[in-house]
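Reader: I would like to go through this structure step by step. Please show it, and then I will ask about its parts.

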Amino acid sequence: MPAPVITADNLVKAYKVKGKPDFLAVDGLSFEVAPGESFGLLGPNGAGKSTTMKMVGAVSTRTSGDLSILGLDPDRYGPEIRSRLGVVPQQDNLDGELNARENLYIYGRYFGLPGKVCHQKADELLAFAQLEDKAKSKVEQLSGGMKRRLTIARGLINDPRILLLDEPTTGLDPQARHVLWDRLFRLKERGTTLVLTTHYMDEAEQLCDRLIVVDKGRIMAEGTPASLIREHSSREVLEVRFGSDRNEQVAPQLEGIGDRVEVLPDRILVYANDGEAALETVTHRGLTPITSLVRRSSLEDVFLRLTGRSLIE
Ligand SMILES: Nc1ncnc2c1ncn2[C@@H]1O[C@H](COP(=O)(O)OP(=O)(O)OP(=O)(O)O)[C@@H](O)[C@H]1O
Ligand SMILES: [Mg+2]
């Protein structure tokens, strides 16, 4: 096994809150990321994902625990670590006054790269981000997806071995997300280590080799998307709707069908190995759902199982 490029051991970040005990945004996270791996932090709003990414990116100091990035302690080697990482923050912080190409060029100069190299890199990265025809467009004239691609391109200017992506596709439409996933997949194929946060289970399933499910600053589960689903959910899920005011009332009559029944405000989930068979049993009991749907279990189900809450609130 090659040495990990990131090691976090009992990582803690406490924020001071006036008149109250310190708030633990990150409460003892331990994880390792192997070179070339695509590692995810999946969790709802406020889980501590960005806080963790900022500590890994050496822009926020940890309260306690151990952290090593490329073998270096960010407390002592912040500038060196920052120069070797690529960072895509949750909020785009491109320079709105500059055009797309200038944003890349200036960022390269900021890293101390010679002007000639920056010009060459800017062109390469515009091609990679499929933004060649927007090279001269001001940032404000770019769509949300284009801005995100430009931010990723900018993060690659120093040929980082690790790219940190905080919610790379939040707020984008499905098509823009797929374009981004394709670009990230290419980086992964080239051997770049990706660390990404998301609260989209499909994104985690698409991009992550391995992930941790985080809630309230703690790790709830860890594994590959497939192993997490196997471990924490059934093979299939039957979703039935009886109408918002009737779901609660009907739920007890579904008892014993499948492995587990979960009542959400808008639907009932029946976890079962065979969803169609579960549906047959439902109808045999004389119940007629307004709609029914059988699907494979997903990470969303894992999260619901582990926390009793839905990922997207
Ligand atoms: N500078 C700060 N001072 C005090 N509390 C903070 C600070 N930054 C974050 N927090 C709190 O820490 C918790 C974790 O925040 P964080 O931004 O890491 O969550 P997140 O998982 O990235 O959420 P989201 O999905 O909404 O981006 C939240 O409760 C947040 O309010
Ligand atoms: Mg965040």
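Reader: In which sense do β5 and strand β6 pair, parallel or antiparallel?

Author: This is a predicted model, in which local features need pLDDT of at least 70, side-chain atom pairs count only at pLDDT 80 or more, and totals for chains, interfaces and linings use all residues. Residues are numbered from 1 along each chain as its sequence is written, while chains are lettered from A and ligands numbered from 1 in the order in which they are written. Strands (E, at least two residues) and helices (H or I, at least four) are DSSP runs numbered from the N terminus, and two strands pair if DSSP finds at least two bridges between them. β5 and β6 (residues 162-166) are joined over four bridges, and the sense is parallel.

Reader: Which residue of β6 is the bridge partner of Gly86?

Author: Gly86 points one way from β5 (residues 85-88) together with Val88, while Leu85 and Val87 point the other way. Residues on both sides of β5 are buried, a word used when 20 or more other C-beta atoms, placed from the backbone, lie within 10 Å of a residue's own; 12 or fewer makes it exposed, and anything in between partly exposed. Across in β6, the partner of Gly86 is Leu163.

Reader: What is the strand order of the open sheet of six strands?

Author: The pairing in this sheet is mixed. At its edges are β5 and β9 (218-223), and each pairs on one side only. The twist from one strand to the next averages 15°, where angles run from 0 to 180 degrees between N-to-C directions and axes are lines fitted to C-alpha atoms, for helices over the stretch in contact. The order is β5-β6-β7-β3-β8-β9.

Reader: What angle does the direction of α5 make with that of β5?

Author: α5 packs on this sheet and touches β5 and β6; contact here means that the C-beta atoms of two residues, placed from the backbone, lie within 7 Å. The angle between the directions of α5 and β5 is about 165°.

Reader: Which residues of α6 meet α5?

Author: On the α5 side, the residues in contact are Gly144, Gly145, Arg148, Arg149 and Ile152. Their counterparts in α6 are Ala176, Val179, Leu180 and Arg183.

Reader: Which strands stand at the edges of the three-stranded sheet?

Author: This open sheet has the order β2-β1-β4 with antiparallel pairing. Each edge strand has a single partner strand, so one side of each is left without a neighbour in the sheet. The edge strands are β2 (23-33) and β4 (64-69).

Reader: What is the bridge partner of Ala8 in β4?

Author: Strand β1 (residues 6-15) runs antiparallel to β4, and five bridges join them. In β4, the partner of Ala8 is Leu67.

Reader: Is Leu70 buried, partly exposed or exposed?

Author: Leu70 lies in the loop between β4 and α2 (74-84). Leu70 has a positive phi of about 50° although it is not a glycine. Most residues other than glycine have a negative phi. With 18 other C-beta atoms within 10 Å, Leu70 is partly exposed.

Reader: And Glu167, is it buried or exposed?

Author: Glu167 is found in the loop between β6 and α6, and its phi is also positive, near 50°. Since it has 22 C-beta neighbours inside 10 Å, Glu167 counts as buried.

Reader: Which residues does Arg295 touch?

Author: Arg295 is in strand β13 (residues 291-296) and is exposed, with 12 other C-beta atoms within 10 Å. Its C-alpha atom is separated by 8.8 Å from that of Arg235, 60 residues apart along the chain. Not counting residues up to four places away in sequence, Arg295 touches Glu236, Val237 and Glu239.

Reader: What distance separates the centres of domain 1 and domain 2?

Author: The chain is divided into domain 1 (6-229) and domain 2 (234-296), with bounds from an automatic or database domain assignment. Taken over C-alpha atoms, the distance between the two centres is 39 Å.
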